[in-house]
Amino acid sequence: MNRQFADDLATDLARGHLLEWAELYALDAISSDERRIIEAFLEGTDPATSATFADRVRTCRETVTSVYAAGEVEPPADLFERIVAQLPGAGQSGDGSAAPTGSLPRPGLAAVPGPGAEGVQQAEHGAGQDDLARRRAAKASMSSRAGRWVVAAAAAVVIAVGGVTIAQNLEQTTVEQQVMQASDVRTEQLTLAAGGVADLAVSGEENAAVVTLSGVPAPAAGFVYQMWRIPSDGTAPVSVGTMSGEDVAGTKVTELSDIGGFSAIAITVEPEGGSATPTLPIVAEIPLGA
């Protein structure tokens, strides 16, 4: 689903956007508090949603692993000498002439200053140490930045999980915006038998719909509303997610992508945690057809 994230995790979960956090969860690109909230939410959600979330996390990690996997390569035998030769002052002797590579000091060995050159070499050594320290500090800083960018780059890798990528989530407009701006958008308001109204916006061009519930009464204690996609071919309904009384207390917006092949959205009342299949009767049915 191409959409921007809400300002906080709780809002996304309340809107039924748990699955859109799967890639961030997989890449550890969330805080420890957000991770605990997601895991607690997963314990209370329906099994189908939990399974889909787990699949997306696994697929994301497998994809990133395969992209960034690299075999071990034995370094060249002269690598140390080549690195040292590029250090400040390593290529010159005290009198400014080029120093032979073989005379370069190795780790753990001290360079012995020549007669009368001790002061010059100590000064050059101090300058080289300062320059080397600056280079090491800069390298450490770049490594730190690189570590952060690795997470961002991994998130931008095209991870084809239901057509969702982190890059798309960050760059694209929300499904609601896309639908409302589509040239073929169709809007309709329906009164629900359970109470309240449902505002529907559908776009075949965007292959998406937005359902906004308003004034819907809370379900009985121990129960939740569960939303389903109803396939046009008569096969089993597909769960969209569950909604508690708190979820529907105000205005509940549900964004639906890939609606081709579905004839309607249905709402049933299910035990807390949701059900694998709808419990009849259906308390609300919202047609998606033109």
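Residues are numbered from 1 along each chain as its sequence is written, and the model is a predicted one, where local features need pLDDT of at least 70, side-chain atom pairs count only at pLDDT 80 or more, and totals for chains, interfaces and linings use all residues. Side-chain values use heavy atoms, with hydrogens and water left out.

Asp28 isn't a glycine, yet its phi is positive, at about 55°. Asp28 sits in the loop between α2 (22–26) and α3 (32–44); helices here are DSSP runs of H or I with at least four residues, strands are runs of E with at least two, and both are numbered from the N terminus. With a relative accessible area of 54%, Asp28 is exposed (exposed means over 50%, buried under 20%, and partly exposed in between, using a 1.4 Å probe and protein chains only).

Asn207 also isn't a glycine, and its phi is positive at about 55°. Its loop runs between β2 (197–203) and β3 (208–214). Asn207 counts as partly exposed because its relative accessibility is 29%.

Then there's Thr45, in the loop between α3 and α4 (47–68). Thr45 has a relative accessible area of 10%, so it is buried. Setting aside neighbours within four places in sequence, Thr45 is in contact with Ser50 and Gly273, where contact means heavy atoms within 4.5 Å. Gly241 is 196 residues away from Thr45 in sequence, but their C-alpha atoms are 7.9 Å apart in space.
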